Amino acid sequence: AGTGVSPLEVREVTVRFAGLTALDAVSLTVEPGTVHAIIGPNGAGKSTCFNVLSGVYTASSGSVRFGGVELTTLPAHKIAALGIARTFQNIALSARLSVRDNLLLGRHRLTRAGFVAAGLRLPSARREAARHLARVEEIAAFVGLAGRLATPVGLLPYGVQKRVELARALCMEPRLLLLDEPVAGMNGGERAEMAGLIVAIKESLGISVLLVEHDMGMVMRLADTVTVLDFGRRIAGGPPEEVQRDPAVIRAYLGA
Ligand code: ADP
Ligand code: MG
């Protein structure tokens, strides 16, 4: 896990809903060990793109490959098993469960012994549970949640809940992390903290990151590569400093 040697290759992906083309022949590549940002006005197709990549929606046409494996028609759990983890634009945690339990749920797909062995309290299951717990504690420390493991998630401030969500995705030991607006609704301090974490995920853990982000400053600071969508089409792409100057991008953002 976390070797970051697999590119994500999105080729000519189209997604149609009744009467609407949400994504229109979009292509992009996430190079291993990089942060790639998808930006664009509301309704541009950013979340739809994430939903295709994580198997929530199936593309009407086109292909998505990860590390050479075709995942265009795979269900969400198989895509996750290939090492692609995601967070959601709105928090999807169990508010009444502790941080620790939410993170342990995040490791579910890695559990080999399974519920029967665990229920019988077999030694192998107990050893496996201990290993998962140790890893959960390590990941919690990495995102700055070491002191909050026993706290019910619903009692935590919003910005801290977003870090729990990030930690839960990391618990799946992904090679690629999809982050949908990771700093939405956060204050300045929380944003800076999240930005630092995303850099650490890339540099210390070697995990590639694909993020959807509205905050331009954040995109310019974090992203190695940017793809710009507008009305479901890719209108620009490249290094952030180039994309920022692109006339088509400026027009899209000014609504001209
Ligand atoms: P963004 O995340 O860039 O704001 P979305 O990907 O959420 O944009 O939406 C792109 C377009 O697709 C919008 O017009 C949206 O209304 C439409 N859309 C998204 N999901 C669905 C769906 N499940 N059914 C119908 N239309 C959808
Ligand atoms: Mg969205």
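I shall begin with conventions and then turn to the strand, its partners and the sheet.

The model is predicted; local features need pLDDT of at least 70, side-chain atom pairs count only at pLDDT 80 or more, and totals for chains, interfaces and linings use all residues. Residues are numbered from 1 along each chain as its sequence is written, while chains are lettered from A and ligands numbered from 1 in the order in which they are written.

Helices (H or I, at least four residues) and strands (E, at least two) are DSSP runs, numbered from the N terminus. A residue is buried if 20 or more other C-beta atoms, placed from the backbone, lie within 10 Å of its own.

Consider strand β3, residues 35-39: five of the five residues are buried, so the strand is largely enclosed by the rest of the structure. Val35, Ala37 and Ile39 cover one side, and His36 and Ile38 the other.

Two strands pair if DSSP finds at least two bridges between them. β3 pairs in the parallel sense with β8 (residues 208-212) over four bridges, with Leu210 as the bridge partner of His36. β3 also pairs in the parallel sense with β9 (residues 225-230), again over four bridges; there, Ala37 is partnered by Val226 and Ile39 by Val228.

What is the order of the six strands in the open sheet? The order is β6-β7-β8-β3-β9-β10, with mixed pairing. β6 (84-86) and β10 (233-238) stand at the edges with a single partner strand each, so one side of each has no neighbour in the sheet.

Methods
Buried ≥ 20, exposed ≤ 12 C-beta atoms within 10 Å, placed from the backbone.
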